[in-house]
Amino acid sequence: MATYIVLLGPPGAGKGTQAEILAGKINLAHISSGDLFRENIQNQTELGRLAKSYMDKGELVPDGVTIAMIRERISLQDCEGGAILDGFPRTPAQADALEKMLAEFGGQVNAVPYVTAEESILIERTGGRCSCRAHGHIYHKKFNPPKQPGVCDIDGSALYERDDDTVETVTKRIRVYFEQTMPLVAYYRQLGKLIEINGVQSVEQVTNDLLAALKK
Ligand code: AMP
């Protein structure tokens with residue numbers, strides 16, 4: 001049966017970095033809703049234009065279009081064995097839609113690692129963060145620097161800083177996270193699926209904790 005893992009955590013906790021590493025180690029597709037929106041923005045699609053108007057303000061893109069985008073992505077063949085969902089769901093309505101969607105595919109959310117870090121660390125980590133143009137591989141100038149400044153170690157593409165990683169927008173994104181996404185922590189905890197992971201450790205240590213917790 002397919003395995004679906006939802007990674008929860010505030011902006012800057014390290015979800016994206018860990019999702020990418022985990023996907024490689026446990027051989028699952030990596031679905032990042034933020035990356036899908038950024039791809040749409042780069043390709044100048046209608047969805048991209050709509051998403052950008054919310055992302056620039058640090059707000060969530062409306063549930064309807066977000067759910068439709070994930071449904072389309074998760075239906076692709078590379079997700080047959082399951083997927084790591086990074087950044088989705090972010091609202092109770094999205095969690096509900098995900099459950100129904102996975103039930104259609106004969107699956108369910110198997111585990112929900114929740115990567116935590118306090119707010120001062122989240123702001124420090126999102127400042128200095130950069131991603132590669134080609135595949136969204138994530139680096140940090142101080143905490144996880146690329147071997148060559150401005151160049152992705154993995155695919156050699158140029159690194160850029162996200163428009164929504166300014167202190168002002170990050171502060172808003174953290175607030176939105178606490179207001180709209182935090183209810184999912186209680187929801188998945190109640191279902192016995194939540195696994196708390198301390199995000200204030202080295203990238204390797206967080207990965208080790210995640211792998212150990214998922215093995216159980
Ligand atoms: P991320 O790359 O996960 O930090 O997401 C960047 C931005 O994309 C967020 O601040 C939202 O504006 C938008 N976004 C990503 N995922 C979702 C989602 N599941 N629901 C609504 N908006 C989202």
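**Close-up views of a predicted model**

View 1. Asparagine 27 counts as exposed, at 68% relative accessibility (exposed is over 50% relative accessible area, buried under 20%, partly exposed in between; 1.4 Å probe, protein chains only). The model is predicted: local features need pLDDT of at least 70, side-chain atom pairs count only at pLDDT 80 or more, and totals for chains, interfaces and linings use all residues. Residues are numbered from 1 along each chain as its sequence is written, and side-chain values use heavy atoms, leaving out hydrogens and water. Asparagine 27 sits in the loop between helix H1 (15–26) and strand S2 (29–32). Helices (H or I, at least four residues) and strands (E, at least two) are DSSP runs, numbered from the N terminus. Glutamine 44 is exposed, at 61%. Most residues other than glycine have a negative phi.

View 2. A side-chain N or O atom of serine 33 is 2.8 Å from a ligand nitrogen. A polar side-chain atom of arginine 38 lies 2.9 Å from a ligand oxygen. For glycine 87, a backbone N or O atom lies 2.9 Å from a ligand nitrogen. The protein covers 96% of the 490 Å² of accessible area that the ligand has on its own (Shrake-Rupley method, 1.4 Å probe).

**View 3. The cis peptide bond between phenylalanine 88 and proline 89.** Omega is about 0°. Proline 89 belongs to the loop between strand S3 (82–86) and helix H5 (92–104). Most peptide bonds are trans.

**View 4. The buried side of helix H6 (residues 119–126).** The buried residues are Ile121, Leu122, Arg125 and Thr126. They cover an arc of only 125° around the axis, which puts them on the same side of H6 (the arc is that of the directions from the helix axis to the C-beta atoms). Their cover includes S5, strand S6 (138–140) and helix H7 (167–190). Just after H6, glycine 128 takes a positive phi of about 90°.

**View 5. Serine 131 in strand S5 (residues 129–132).** Serine 131 is buried, with a relative accessible area of 6%. Beyond four places in sequence, serine 131 touches Gly136, His137, Ile138, Ala158, Leu159, Tyr160 and Arg162 (contact: heavy atoms within 4.5 Å).

Key:
A polar contact is a pair of N or O atoms within 3.5 Å; within protein, one must be able to donate a hydrogen and the other to accept it, and residues adjacent in sequence count only if both atoms are side-chain atoms.
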